[in-house]
Amino acid sequence: MVITILGLSVIVFVVSRVAPGDPAKLAAGPDATEEMVEVIRKEFGLDQPLVIQYFKYMKGLIQGDFGRSIRTRHLVWNDIKTYLPATFELVFTSITFAIFFGILFGILSSVYRDLWIDHILRFFTVTGVAIPMFWLGIMLQLLLAAKFHLLPLGGRLDTMVNPPTLITRFFLIDSLITGNWLVFKNAFVHILLPAFVLSFPALASITRINRAEMLEVLHKDFVLNEKAQGISDGLIIYKYALKNTLIPTLTMIGLRYGWMLGGTILVETVFNWPGIGNYAVGAAVYSDFQPVMGVTIILGLNFMIANLLVDIGYGFLDPRVRYE
Amino acid sequence: MRIFRELPRWREERKGQVRDLKLSIYTLSRSPLSVIGFFLVLFFFLIALIGPWIITYPQDITGAVHMDQRLRSPSLAHPFGTDEVGRDIYSRVVIGTRLSLQIGLIIIFVAMGIGVPLGILAGYMGGWVNNLVMRITDIFLSVPGLLLALAIVGALGPGIKNAMIALSIVWWPGYVRLVQGKTLSLREEPFVEAARSIGASRFRIIFKHILPNCTSPIIVKASMDMGMAILFAANLGFIGVGAQPPEPEWGAMISVGRNYLPDRWWMATFPGLAILVTVLGFNLLGDGLRDVLDPQSRGQIR
């Protein structure tokens, strides 16, 4: 994992520095003199050889220093710290939603195979992965927010509402802990739409894989045996069949979590969610690479941790994995 | 008239292949979703092919400005309405098909061009070559694709060419994974061993025995990826680092149209539908092809 992170940092670094544009010039503005550009170049160490720049960057990285944005002069780490909780709140809400309903829909679809509910769910699973997330977001905004005024257009809270006391920095949890119902309600209606959109492809593919696995398991002999013993359908599904489907589902969850981390860029842009994806896009458009590198490394790291958790999860779900 | 004498023999020789093909077509046509996918893809190619002849306002594809026609709602003259400078959205969506096709094909071919040889090399050679290639592949796969693409485009600067470069860089590791796994298992097959034992060169084994056996999963993956690559290019266009506005790219069109919501709903709606239909078509076709060509690997590819 350490090697992977190192490799990732090299790739991101090389990519950002072989770029044709001159970041110093961009930062200095169109009517800057040659000297001003030179000063900025010195300030950010852009006049030194690439290898030295890389080692400097890595040295900072180990100490938690992600460099400075060349455009706003902010420390990237401080920016990331500000924006990261919003992203995680969104991503965690979405993945929880996707896992819960994905498994539920998968079960429903397999148990009521070829009935209307199965057809609806299957239609939804095929379109779910094909629909452009940002477009779905815009359409829902148009319909639910702009037309019927059911939900807010974007943001994390209304401007009139003060954020709750920050404990976990997740507005939903913080407002619950402090018993601040008004804020909770407000945060909840704000997160509803972005979380739904972000979870949509994941929900579709989790449903799909869970359905396929359930169908396979439900035809196994041991299920027939349990039925013969008079164990109720609910118990068979929940206790015996479902557990056998969870490993492929878990693989899919891990994979989709990664996609979600990428997709959050789009959803945050659409819903003006003050998260890390929005931040990265804002920087990328101006070729301000320090923030983009920081975000890439942080989210890459997060994805690696998620993969590790998935691997550990296999051990929980299947004792055989543990003994190997 | 030699051909008439040769034809029956040719038929005889190819009998097995023809039977396989017939079976494949039959299996594919039995699944309604695959048939829908097939026709959607066919439709997409057709539109891309005849696009320039069915559009009504060819000058609107690039920078034409008709301020007197701006922001018209859908009508007979403009079936999908007009945009902020009076360009016909229908014409632009139709021509966008060509652009998307081009983007998809280039990304997939570049990704295959890098990924397939590397995968075969890693799988066949094994040892440190395998380790090195797979390690590098893992690094690329450790970051969410869209994010890496964003980082690369952020560095190279916005634009459609750079978006394609970025997406190609993001896409090849998938093919390495696929081909390497397949090659690893093929290497141990008796027919490969037999070829090796009668002194076939490495070159010959790879091209005559391994590569042909990798084609079906590659085709299946390529079909699925075609849709995904188009979707990702649209994603980049939408966040403003892909194709830039006057270009008739679907994502970029939605990005502009978004500023005119909710009243001018048509600007964002129709390009989005185009993406949806296209990606859906390739996904369904890919699914169908997988069931036909590569039944064992169900669920393995993504």
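A:Leu218 touches A:Ser110, A:Val223 and A:Ala241, leaving aside residues up to four places away in sequence. Touching means that two C-beta atoms, placed from the backbone, lie within 7 Å. The model is predicted: local features need pLDDT of at least 70, side-chain atom pairs count only at pLDDT 80 or more, and totals for chains, interfaces and linings use all residues. Residues are numbered from 1 along each chain as its sequence is written, while chains are lettered from A and ligands numbered from 1 in the order in which they are written.

**A:Leu218**
- A:Leu218 sits in helix H9 (residues 181-218) of chain A. Helices are DSSP runs (H or I, at least four residues), numbered from the N terminus.
- A:Leu218 is buried because 20 other C-beta atoms lie within 10 Å; the cut-off for buried is 20 or more.
- A:Met139 is 79 residues from A:Leu218 in sequence and 38 Å away in space, C-alpha to C-alpha.

**Chain A against chain B**
- The contact takes 48 residues from chain A and 42 residues from chain B.
- H11(A) gives the largest share of chain A's side, nine residues.
- That side has 35 nonpolar, twelve polar and one charged residues. Nonpolar covers Ala, Val, Leu, Ile, Met, Phe, Trp, Tyr, Cys and Pro; charged covers Asp, Glu, Lys and Arg; the others, Gly among them, are polar.

**H5(A) and H12(A)**
- The axes of helix H5 (residues 76-111) of chain A and H12(A) come within 7 Å and cross at roughly 130°. Axes are lines fitted to C-alpha atoms, for helices over the stretch in contact, and angles run from 0 to 180 degrees between N-to-C directions.
- Residues meeting there include A:Tyr83 in H5(A) and A:Tyr279 in H12(A).

Notes: Helix = DSSP H or I, 4+ residues; strand = E, 2+ residues; numbered from the N terminus. Buried ≥ 20, exposed ≤ 12 C-beta atoms within 10 Å, placed from the backbone.
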